[in-house]
Amino acid sequence: MSPMPAWNQCASIFVLGLALCAVAACSRADPSTGAPPPTPRTRSPAASPGPVAARPRELSAAAEAGKQLFFDQALSASGRVACSTCHDPDHAYGPPNDLPVQLAGALGASAGVRAVPSLRYKEFTPGYADLLDNSDGVSPPGPGGGFAWDGRADSLAEQARIPLLSPFEMANATPADVVARLRSSPSAAAFVRAFGAGALADPDAAFAQLLLALQSFQIEDASFHPYSSKYDRHLYRQPGGEFTPAEQRGFQVFVDPRTANCSGCHYAHASQDDGAPPQLTDFSFEAIGVPRNPRIPANRDRGHTDLGLCGPLRDDHAKFPEFCGLFKTPTLRNVATRRAFFHNGVIHSLDQAIRFYNTRDTRPELWYPTVGGRAKARPDPGFPRYGLVTTQYAGGTVQKFDDLPAAHRKNLDAQLPLDGRAAGSEPPMTEQQVEDLICFLETLTDEDQRAAQPASAACGR
């Protein structure tokens with residue numbers, strides 16, 4: 001399966017009446033050279049206050065309707081859930097709490113099955129393809145693109161359909177139910193202004209227009225892609241973009257294939273051919289074997305296994321075991337402000353997430369349960385307490401990769417730092433490199449989110 005050509009994607013969206021289409025590029029410039037990336041074709045650097053001039057502008061009528069729909073709780077079966085409930089603009093359009101999954105549904109008490117991703121920086125996401133060209137221009141094509149953790153939606157409009165009809169989200173049984181609620185909602189007037197007096201007469205047509213309105217809002221409103229981080233200022237040599245020594249060291253760890261190797265999946269370079277700023281993802285899918293999260297109610301059933309691309313929320317890859325356990329690589333923009341990491345929200349801080357990558361193989365007992373051992377009343381001096389498991393065991397067997405069936409473990413990504421090195425060996429990163437890497441990742445926080453990210457004295461040195 002080949003990715004849809006860029007011109008065809010844009011043409012398809014244009015036919016639907018949208019004014020903007022952006023597709024991720026495969027060729028990127030290297031920010032480590034110190035040269036600023038190319039300016040997007042439609043913007044002038046002399047007139048631009050930022051990398052892509054993400055300044056507020058007047059929204060189209062469709063986008064204005066989408067804005068009202070995005071915050072409208074009346075579209076949900078419970079009357080208490082809107083898109084913004086889980087995608088809070090005050091939290092970079094991500095969840096406002098540290099829950100691994102959110103509670104919603106018809107009665108407001110149904111638990112989801114996956115962590116909620118941010119809706120920021122989706123405008124360059126290509127549609128899903130089994131063989132998508134990699135952004136680095138070197139790696140072979142592989143599964144990539146699409147929206148949601150399993151890429152099952154090919155556009156923001158398709159993605160919006162999922163929560164509206166999900167029984168554990170907005171819990172509408174049919175598109176007609178959504179439109180019926182829209183007719184008496186606060187958003188109805190804006191919707192009619194955008195799409196005409198008879199826009200609500202045909203439920204199927206109205207539902208399609210509703211999805212396009214939500215997509216238009218996310219594409220047109222600059223708050224979904226402000227590009228206002230220190231990293232953006234650094235790339236464009238703007239005031240306030242000078243890295244501290246710790247941040248510069250952290251960037252080198254980020255791109256070094258011998259240590260963190262983050263840029264192997266979280267591509268940090270800017271596009272040469274369409275002007276796309278760094279997206280901090282290559283849109284690929286990877287299996288990294290994160291621990292099972294017992295806080296997700298669905299996981300109380302030991303027979304329930306979330307295998308990402310091959311199910312259970314999409315079924316078109318269920319017969320292809322090579323896709324099992326693969327989840328989409330998210331952007332790292334605003335990663336320092338997140339409070340639930342990975343598809344199952346099992347990790348709850350950036351520090352813990354980095355340490356999982358660094359010690360998953362060398363200290364698996366910190367991340368996965370041990371069976372058959374004896375819990376020590378008091379851990380030995382020096383026993384790390386940053387993992388998910390803070391009890392030290394004598395003997396027993398560590399249940400490594402406890403949320404990925406053995407038959408699918410051959411799909412695990414073997415790139416550093418998750419290279420499968422022996423337990424007890426030295427991890428890929430030193431303690432100093434871990435600290436420096438976190439300092440760099442904090443530069444990816446947008447300006448409006450800085451208040452949620454406590455300043456680190458170590459990063460200023």
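**Close-up 1. Cys 265 and its closest cysteine sulfur, in Cys 262.** The sulfur of Cys 265 lies 9.3 Å from that of Cys 262, too far for a bond. A disulfide would need the two sulfur atoms within 2.5 Å. Cys 265 counts as buried, at 12% relative accessibility. The model shown here and in the other views is predicted.

**Close-up 2. Cys 83 and its closest cysteine sulfur, in Cys 86.** Here the gap between the sulfur of Cys 83 and that of Cys 86 is 9.1 Å, again too far for a bond. Cys 83 has a relative accessible area of 14% and is buried.

**Close-up 3. The disulfide between Cys 310 and Cys 324.** The count of disulfides comes to 2. This one has an S to S distance of 2.1 Å. The torsion about its S-S bond is about 120°, so the disulfide is right-handed. Both Cys 310 and Cys 324 lie in the loop between strand 7 (285-286) and strand 8 (327-328). The pair therefore ties together parts that are 14 residues apart in sequence. Cys 310 is buried, and Cys 324 is buried too.

**Close-up 4. The disulfide between Cys 439 and Cys 459.** The S to S distance is 2.0 Å. The link of Cys 439 and Cys 459 is left-handed, with -90° about the S-S bond. Cys 439 sits in helix 11, and Cys 459 in the segment after helix 11. The pair thus ties together parts that are 20 residues apart in sequence. Cys 439 is buried, with a relative accessible area of 4%. Cys 459 is also buried, with a relative accessible area of 6%. With the bonded cysteines of the protein chain numbered in sequence order, the pairing reads 1-2, 3-4.

**Close-up 5. The largest nonpolar core, with 48 residues.** The residues with the most contacts inside this core are Tyr 231, Phe 254, Leu 350, Ile 354, Leu 437, Phe 440 and Leu 441. At least two core residues come from each of helix 8 (230-235), helix 9 (245-255), helix 10 (350-359) and helix 11 (431-442). Helix 11 gives the most, with 5 residues. In soluble globular proteins, nonpolar side chains tend to be buried together.

**Close-up 6. Ile 354 and its contacts.** Neighbours within four places in sequence are left aside. Ile 354 is then in contact with Met 429, Val 434, Leu 437, Ile 438 and Leu 441. Ile 354, Leu 437 and Leu 441 are among the residues with the most contacts inside the largest nonpolar core. A second, separate core has 31 residues, including Leu 59, Ala 65, Leu 164 and Val 178.

**Close-up 7. Glu 220, a buried residue without a salt bridge.** Glu 220 is placed in helix 7 (residues 203-220). The nearest side chain of opposite charge belongs to Arg 57, 4.5 Å away. A salt bridge would need a side-chain nitrogen within 4 Å of a carboxyl oxygen. The side chain of Glu 220 does make a polar contact of 2.7 Å, with the side chain of Ser 60. With neighbours within four places in sequence left aside, Glu 220 is in contact with Arg 57, Leu 59, Ser 60 and Ala 63. Of these, Leu 59 is included in the second core.

How values were computed:
Residues are numbered from 1 along each chain as its sequence is written. This is a predicted model: local features need pLDDT of at least 70, side-chain atom pairs count only at pLDDT 80 or more; totals for chains, interfaces and linings use all residues. Side-chain values use heavy atoms; hydrogens and water are left out. A nonpolar core is a set of buried Ala, Val, Leu, Ile, Met, Phe, Trp, Tyr and Cys residues joined through side-chain atoms within 4.5 Å. Buried means under 20% relative accessible area, exposed over 50%, partly exposed in between (1.4 Å probe, protein chains only). Helices (H or I, at least four residues) and strands (E, at least two) are DSSP runs, numbered from the N terminus. Contact means heavy atoms within 4.5 Å. Lys and Arg count as positive and Asp and Glu as negative; His and the chain ends are not counted. A polar contact is a pair of N or O atoms within 3.5 Å; within protein, one must be able to donate a hydrogen and the other to accept it, and residues adjacent in sequence count only if both atoms are side-chain atoms.
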